[in-house]
Amino acid sequence: MKNLFNIAAFTCGIAGILGATSCSGDDAVIPTNPKEPAAVNVTTEKIIYEANPRMYGEQGGLVALNGKLSEIKDYGTDIVWVMPINTPGEEKSIGSPYCIKDFNGVNPRLGTKADFKALVDNAHSLGMEVILDWVANHTAWDCPWVTEHPDWYVHDEEGNIVSPGDWADVAELNYDNKDMRAAMIAAMKSWVSETGINGFRLDNTEGVPDDFWKEAIETLRQSNPDLFILAETSYPNAYAYGANMIYGWHFATDLSGLFNGSASQGELVNAVKEEIEQTPDDNATRIMRYSVNHDIAAEKSIAQLFGTEEGAEAAYAIALFCGGTPMFYTSQLCNYTGTASFFTYESADFNSAKIAGVKKLNQIFKSTAEIRQGQLSTFQAGKCVLMEYQLGNSHLVIAANPNNREFEVKMPIEVAGLSVKELVSDMESVMPVAATLQPYEYRIYQR
């Protein structure tokens, strides 16, 4: 395994966070110089944007989203993940886009299949890929399959079609039925051939047997060997059935906990280590790293997750540099004080300051791809986050304060006093021995 985190080289590194040293909580000890050469790690410049077309207008969201693609590219986006656009059901519906009535149709409130194909074509012309959210675990109750093929569903002892768990608005599909499997694969193939999408984000993969995903992905890749598959799971079995990437779920939970005092930097680092160790060849790029997605944004407000809008930006900064392929969501670009439901249709109030913050961070992420091939070390910094990438004589230091009060953070000793560039402010400066970080402030220094 490549040594992603240099634990042994520092007197008060991750081991200290986990309790193996006597460093005090808020008074971080300055770490010693690394004694071992940096190991090269797998890194990426790619960034995923989770686009919710329902937030681009009460009607015609696909056309509106298409009209924003040039801006979205400018944010640093390489892959546009479009949330479900299939025709939704009405019977027992609660408005979820994950309640599918017609796998081949498009939600008329969003537009038409031609509108979506135009979006895909435009994205390709701008150098971006498009993946489509795909729901295979269940259908809406008014999906024609319910009456035409009732044997395609799971039944209870009394012969009634059942819902998966407590999702009463949908009916659970029976993957013991070969005809249903064939129909599902055929529907997926039609979207690839008719619209030119580059792949799928697979919803609730754990609700569908692995052998189906293997069959579907192998079939789809016969016509497009480069098809990209993002699986909604944190379990590494997804790699075996053909997924390119899975979720960093544990990291996202601990990241919010860091801002709420229920998790430490050590727990965050452990989550990253455990997730990456399970990837093929310890390939960090095969973990999707994020601070917010549609589920998180719908369940909790920014205040509940990260304290303030400044805290939300700091959280995204931390997520970007913890190893993985980063993803940002539509709500991160908009004005929200409460939760952001993905069941409704609206013309979201996009916030130029938030957009500028995400764009700047994405630019920094891309511009530092080479140095991020170096070894990532973490330091105990009290209640703050302190990370350093080193490749040869080059250094990248990320310091962040996930708290609502000021903290002092001592910098790695080998860069203290050296000329550096502060990448967020674009200012040349000298690396301080210690930096005072205001509430939710973050800094990124490059040497």
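What follows is a short chat about helix packing, aromatic pairs and a few loop residues in this predicted model.

Reader: Let's start with helix 9 and helix 10: are they roughly parallel or roughly antiparallel to each other?
Author: Helix 9 and helix 10, which covers residues 265–277, pack at an angle of about 170°, with their axes 9 Å apart. Anything over 145 degrees counts as roughly antiparallel. So the answer for helix 9 and helix 10 is roughly antiparallel.

Reader: How many charged residues does the contact of helix 9 with helix 10 have?
Author: Helix 9 brings Trp249, His250, Phe251, Asp254, Leu255 and Leu258, and helix 10 brings Gln265, Glu267, Leu268, Ala271, Val272 and Glu275. Sort the contact of helix 9 with helix 10 by class and you get 7 nonpolar and 2 polar residues, with the charged ones numbering 3.

Reader: And what do we call the arrangement of helix 9 and helix 13?
Author: Helix 9 (residues 249–260) and helix 13 (residues 309–320) pack at about 135°, their axes 11 Å apart. Roughly antiparallel needs an angle over 145 degrees, and roughly perpendicular runs from 65 to 115. Helix 9 and helix 13 are therefore oblique.

Reader: Is the crossing of helix 9 and helix 13 left-handed or right-handed?
Author: The angle of about 135° belongs to helix 9 and helix 13 as they pack. As for the hand, the crossing of helix 9 and helix 13 is right-handed.

Reader: On to rings: are phenylalanine 259 and tyrosine 440 stacked or edge-to-face?
Author: There are 18 aromatic pairs in the structure. For phenylalanine 259 and tyrosine 440, the ring centres sit 6.3 Å apart and the planes are at 10°. Planes under 30 degrees apart count as stacked. So the pair of phenylalanine 259 and tyrosine 440 is stacked.

Reader: How many residues apart in sequence are the parts that this pair ties together?
Author: Phenylalanine 259 lies in helix 9, and tyrosine 440 lies in the loop between strand 19 (434–437) and strand 20 (442–446). Both phenylalanine 259 and tyrosine 440 are buried. In sequence, the parts that the pair ties together are apart by 181 residues.

Reader: What is the phi of tyrosine 440 near?
Author: Most residues other than glycine have a negative phi. Tyrosine 440 is buried, with a relative accessible area of 10%. Its phi, though, is positive, near 65°.

Reader: Is lysine 92 buried or partly exposed?
Author: Lysine 92 sits in the loop between strand 3 (86–88) and strand 4 (100–106), and its phi is also positive, near 60°. Buried would call for under 20% relative accessible area. At 49% relative accessibility, lysine 92 therefore counts as partly exposed.

Reader: Is isoleucine 197 buried or exposed?
Author: Isoleucine 197 is in the loop between helix 6 (178–195) and strand 8 (199–203). Beyond its neighbours within four places in sequence, isoleucine 197 is in contact with residues including Phe116, Val120, Leu132 and Leu227. With a relative accessibility of 2%, isoleucine 197 counts as buried.

Technical notes
Residues are numbered from 1 along each chain as its sequence is written. This is a predicted model: local features need pLDDT of at least 70, side-chain atom pairs count only at pLDDT 80 or more; totals for chains, interfaces and linings use all residues. Side-chain values use heavy atoms; hydrogens and water are left out. Axes are lines fitted to C-alpha atoms, for helices over the stretch in contact, and angles run from 0 to 180 degrees between N-to-C directions. Helices (H or I, at least four residues) and strands (E, at least two) are DSSP runs, numbered from the N terminus. Angles under 35 degrees count as roughly parallel, over 145 as roughly antiparallel, 65 to 115 as roughly perpendicular and the rest as oblique. A crossing is left-handed if the near helix is turned anticlockwise from the far one by less than a right angle, and right-handed if clockwise. Rings of Phe, Tyr and Trp (its six-membered ring) pair if their centres lie within 6.5 Å; planes under 30 degrees apart count as stacked, over 60 as edge-to-face and the rest as tilted. Buried means under 20% relative accessible area, exposed over 50%, partly exposed in between (1.4 Å probe, protein chains only). Contact means heavy atoms within 4.5 Å. Ala, Val, Leu, Ile, Met, Phe, Trp, Tyr, Cys and Pro count as nonpolar, Asp, Glu, Lys and Arg as charged, and the others, Gly among them, as polar.
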